[in-house]
Amino acid sequence: MEVLNSFMTWIFKNRLGQIDNFKKNPVQVQDEIFWELVEAGRKTTFGKEFGFSSIKSYQDFARQVPILDYDGIKPYIDRVMAGEQYVLWNSEIEWFSKSSGTTSSRSKYIPVSEESLQECHYKGGKDMVSIYVNNFPDSKLFSGKSLTIGGTLERNPLNPQGTAKAGDISAVMMQNLPIWVQFMRTPSLETALMSEWETKIEKMARETMDENVVSIAGVPTWTVVLMKRILEIKGAKHILEVWPNLEVFFHGAVAFGPYRSLFKELIPSEKMRYMETYNASEGFFGIQDRPESDELLLLLDYGIFYEFIPMDEWGEEDPTVVPLQDVEVGKNYAILISTNGGLWRYKIGDTVKFSSTTPYRFRISGRTKHFINAFGEEVIVENAEKAIAFAAEQTQATIVNFTAAPVYFDQSGSKGAHEWIVEFKTHPIDEEKFKELLDTQLREINSDYDAKRYKGLALSEPIVHIAQEGLFESWLRKKGKLGGQNKVPRLANNREYLDELLPLLKEKEA
């Protein structure tokens, strides 16, 4: 295995020169991607409708092509799902990535072309490994198995008799992996793609617990569930008693901060490494390229052209839109993407803040819809995750999940507040201190929240409910959303999710 590990490490390091190229020449690389996309779009239904043949500059593109959210692009996607080709992209679409829905749709279906699969999603996985083995030359990554927790696949709901299929992006990728990669991963493909999550976790645990697992790739939430089940079966104290050669967890989908202490309990080793990725249904956007920093490197040669809307103009009828070279460090932006999967000026719903433009590195700051701004406080997910992670660390607590929403003013004259539901694995040594630290830290990192909290003039202190074990999982199961990329929003500007969870909480209290 040592020879194989050395050979595979050498193979993956060969990509580093191309990564250096887009780091050094970001504008040139993005310009090349832009013209490749425009050329590919000229013969599509969408391209003909919006005059791609007459586009001679970025300014033409920005003027002629509308900014679209999912509801805006859905009619085109529905046509592709029904079997029509060359609507959004110039090659046939056989796969659709399914993710959580919008206001008007329970689920979103994102076209996955062969180009986006190979030149974006798979390239991201390869670059993740390339960067990792370059950062850690002593890695034994290829000496054992990679445990991957995939989603599920389903028939195309608009054309169930057709050949096209849909599923979580992890499932689509897993289904299409080459045989040599399947050989190096665990569990079996059949188990990894099971749709019933409780049975799936049990089978995954029993299939993987005796393997030599060296790396894990997946969402923190389900990884924790799986590891805890393995520990129960094995009667082990921590996961290194089961997988002594485990060295890295490649994670994404949710912020890792609130989970970090929980993982340290499950994997008590200073040598354990954590590497964040940003791979969504729409594309692979970022990789943590430096071990000492949680910033993500923006991936620029993946068939994606980026534009950005300043968040202080979000919701305006005609907002300012800037290409990559015009973004500013420290400013909060919503992302627009045009991709080699046929998305055009598409609002993915995520927000980012750039920490550097040489090269372009960023942090995910939240969602355009997942925030609380009921009183002008503009609390984004990044604020909440930092504050709650700080409060947990200071009170020796470990968090499983949380959500928060506003308590609005009412006719009695009561002030507004933020109401939280927090599920712990290890409860804080002082619950009141936890609540106080959550509030004070949020005030420290968000001046608008601090202003509203000043002497309680607009916002009262937060209301914090301690959830019983398994509350969020129980709610997702009840909603039929257990598994895959489904999760409770960390923040919501309305009380829809909170009001559904509170009765479950009160059942336990009663």
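## A covered strand and its partners

Strand β10, made of residues 283–287, is mostly covered, with five of its five residues buried. Keep in mind as you look around that this is a predicted model.

Which strands sit beside β10? On one side of the pairing list is β9 (residues 273–280), joined to β10 by four bridges, and the two run antiparallel. A hairpin of two residues links β9 to β10. Strand β11 (residues 296–298) is also joined to β10, here by two bridges, and this pair is antiparallel as well. In general, strands of a sheet pair through backbone hydrogen bonds, either parallel or antiparallel.

Now move to an open sheet of three strands, in the order β19-β20-β21, with mixed pairing. Its edge strands are β19 (398–407) and β21 (463–467), each of which pairs on one side only. From one strand to the next, the twist averages 20°. Strand β20 (residues 417–426) runs parallel to β21, and five bridges join them. Within this pair, look for Val422, which stands opposite Ile466 in β21.

Helix α14 (residues 381–394) packs on the sheet, where it touches β19 and β20, and its direction makes about 130° with that of β19. Another helix, α15 (residues 431–445), lies across β19, β20 and β21 and runs at about 130° to β21.

## Helix α6, end to end

Helix α6 covers residues 70–81, and its end C-alpha atoms are only 14 Å apart, whereas a straight helix of twelve residues would span 16 Å at 1.5 Å a residue. Which residues of α6 are buried? They are Tyr70, Ile73, Tyr76, Ile77, Val80 and Met81. These residues lie on the same side of α6, because they cover an arc of only 145° around the axis.

The two ends are worth a look too. At the N-terminal end, Asp69 caps α6, with a side-chain oxygen 3.2 Å from the backbone nitrogen of Asp71. Just after α6 comes Gly83, which takes a positive phi of about 120°.

Ile233 belongs to helix α12 (residues 220–234). Is Ile233 buried, exposed or partly exposed? Its relative accessibility is 25%, so Ile233 counts as partly exposed.

Leaving aside residues up to four places away in sequence, Ile233 touches Glu202, Ala205, Arg206 and Met209. Met209 is 24 residues from Ile233 along the chain, yet their C-alpha atoms are separated by 8.9 Å.

Most residues other than glycine have a negative phi, and most peptide bonds are trans. Some places in this model depart from that pattern. The peptide bond from Thr186 to Pro187 is cis, with omega near 5°, and Pro187 lies in the loop between β6 (185–186) and α10 (189–192). The bond from Thr358 to Pro359 is also cis, with omega near 0°; Pro359 sits in the loop between β15 (346–357) and β16 (360–367).

Two residues other than glycine have a positive phi: Arg345, at about 50°, and Gln396, near 60°. Arg345 is in the loop between β14 (332–339) and β15, while Gln396 is in the loop between α14 and β19. Which is buried and which is exposed? Arg345 is buried, with a relative accessible area of 4%, whereas Gln396 counts as exposed at 56% relative accessibility.

Technical notes
Residues numbered from 1 in each chain as written. Predicted model: local features only at pLDDT ≥ 70, side-chain atom pairs only at ≥ 80, totals over all residues. Heavy atoms only, no water. Expected span 1.5 Å × (residues − 1). Buried < 20%, exposed > 50% of the residue type's maximum accessible area, 1.4 Å probe, protein only. Arc of directions from axis to C-beta. Polar contact = N/O pair within 3.5 Å; in protein donor to acceptor, adjacent residues only side chain to side chain. Pairing = 2+ DSSP bridges. Axes fitted to C-alpha atoms, helices over the stretch in contact; angles between N-to-C directions. Contact = heavy atoms within 4.5 Å.
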